Amino acid sequence: MATYLRQKPAGWFTIVAVLLVLWGLAGCASFYAHLAYGPDIDPKATDWDRAFYASLPGWLNFVYAVAVGAGLLGSIALLLRSKFARPLYIASLIAVVVQFGYIFAATEIIAHKGVAVATGFPIFIAVVAIFQIWFAGYAQRRGWLG
């Protein structure tokens, strides 16, 4: 019978985990601003931006909440060295893909804003989500998560 020993992580592990928690908190703040203020938070919002926001289906808010909530919980789990970090990060990435997949496929945002403006930050968000999954797997393989 094999025994499993949880290893002490490298010092930089905690720094990365704290940065990911801060990223998750920023995502939750963005979600709150999205719900509370909509496009009115941007002083440069146009009539098109207001109409775009009003046309989004309600279920997309739920998907957005899952994306940021699972991401934050995954980061907290990572900081606490829990094995649940990776599944939470996977759920977050799935929600990110659904959220932005809908926005890019079912709306005219790319035609109106242009590819670079419309996709730049969403691509960055997806890259961070993929990094989170990889990093949680890395930490798990090293025995840092239990």
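**Entry 1: a leucine**

At 48% relative accessibility, I count Leu73 as partly exposed (buried is under 20% relative accessible area, exposed over 50%, partly exposed in between, with a 1.4 Å probe and protein chains only). Leu73 is found in helix α3, residues 59–79, where helices are DSSP runs of H or I of at least four residues, numbered from the N terminus. This is a predicted model, in which local features need pLDDT of at least 70 and side-chain atom pairs count only at pLDDT 80 or more, while totals for chains, interfaces and linings use all residues. Residues are numbered from 1 along each chain as its sequence is written, and side-chain values use heavy atoms, with hydrogens and water left out.

**Entry 2: a helix pair**

I then looked up α4 (residues 85–106) and α6 (residues 115–141), whose axes come within 9 Å and cross at roughly 165 degrees; axes are lines fitted to C-alpha atoms over the stretch in contact, and angles run from 0 to 180 degrees between N-to-C directions. The two helices α4 and α6 are therefore roughly antiparallel (angles over 145 degrees).

**Entry 3: aromatic rings**

I noted one aromatic cluster, formed by Trp12, Phe13, Phe131, Trp134, Phe135, Tyr138 and Trp144; rings of Phe, Tyr and Trp (its six-membered ring) pair if their centres lie within 6.5 Å, and planes under 30 degrees apart count as stacked. Trp134 and Tyr138 both lie in helix α6, four residues apart. At 46% relative accessibility Trp134 counts as partly exposed, whereas Tyr138, at 18%, counts as buried.

Key
Angles under 35 degrees count as roughly parallel, over 145 as roughly antiparallel, 65 to 115 as roughly perpendicular and the rest as oblique. Rings of Phe, Tyr and Trp (its six-membered ring) pair if their centres lie within 6.5 Å; planes under 30 degrees apart count as stacked, over 60 as edge-to-face and the rest as tilted.
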